[in-house]
Amino acid sequence: PGLVDSAGKRAFVVVSLGGGPGFELLALERFLETIIGNSFGRRVEYVSLDLESSWAPYVRKLGYTFRQWDINKGSFVEDAKLAVAPRDDPLRKEDDKGGRGRSEGPCND
């Protein structure tokens, strides 16, 4: 997933800090679907940032992005951007080499 859709509209990104298995993201997604429906006009990317990598499979099963993240390192804004950046994005490639604010681990999307 990228930050711009096929119509050129920027995606709206929702980030859950310490997101665990993603239940808050699921609740928000269902709430928005109920209240707004399909009239939002933009794609929404849901991202869970959490130190515990074992949450990753659960977050992914819900259809969201997971990024292992340590609150004591880096910036959640930058890590959220990296989580939704395309795999070929130069910033993403650089992060994969050195690890900015995230904890090292293979669980990052």
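Three strands form an open sheet in the order 1-2-3, with parallel pairing. Strands and helices are DSSP runs numbered from the N terminus, with at least two residues (E) for a strand and at least four (H or I) for a helix. Two strands count as paired if DSSP finds at least two bridges between them. Strand 1 (12–17) and strand 3 are the edge strands, and each pairs on one side only. From one strand to the next, the twist averages 25°. Angles run from 0 to 180 degrees between N-to-C directions, and axes are lines fitted to C-alpha atoms, for helices over the stretch in contact. The model is predicted: local features need pLDDT of at least 70, side-chain atom pairs count only at pLDDT 80 or more, and totals for chains, interfaces and linings use all residues. Residues are numbered from 1 along each chain as its sequence is written, and side-chain values use heavy atoms, with hydrogens and water left out.

Strand 2 (residues 44–50) pairs with strand 3 in the parallel sense over 4 bridges. Asp50 has Gln68 of strand 3 as its bridge partner. In general, strands of a sheet pair through backbone hydrogen bonds, either parallel or antiparallel. Helix 1 lies across strand 1 and strand 2. Its direction is about 160° to that of strand 2. Contact here means heavy atoms within 4.5 Å.

The whole structure holds 2 salt bridges. A salt bridge requires a side-chain nitrogen of Lys or Arg within 4 Å of a carboxyl oxygen of Asp or Glu. Side chains of opposite charge can pair when their charged atoms come close. Another links Arg30 to Glu33, with the closest N and O atoms 3.9 Å apart. Arg30 and Glu33 both lie in helix 1 (residues 23–35), 3 residues apart, about one turn of the helix. Shared partners join Glu29, Arg30 and Glu33 into one network.

Accessibility was assigned with a 1.4 Å probe on protein chains only: buried is under 20% relative accessible area, exposed is over 50%, and partly exposed lies in between. Glu29 is buried, at 19%. Arg30 is partly exposed, at 44%. Glu33 is also partly exposed, at 42%.

Gly63 sits in the loop between helix 2 (56–61) and strand 3 (65–68). Gly63 is exposed because its relative accessible area is 60%. Val47 lies 16 residues away along the chain, and the C-alpha atoms of Gly63 and Val47 are separated by 9.7 Å.
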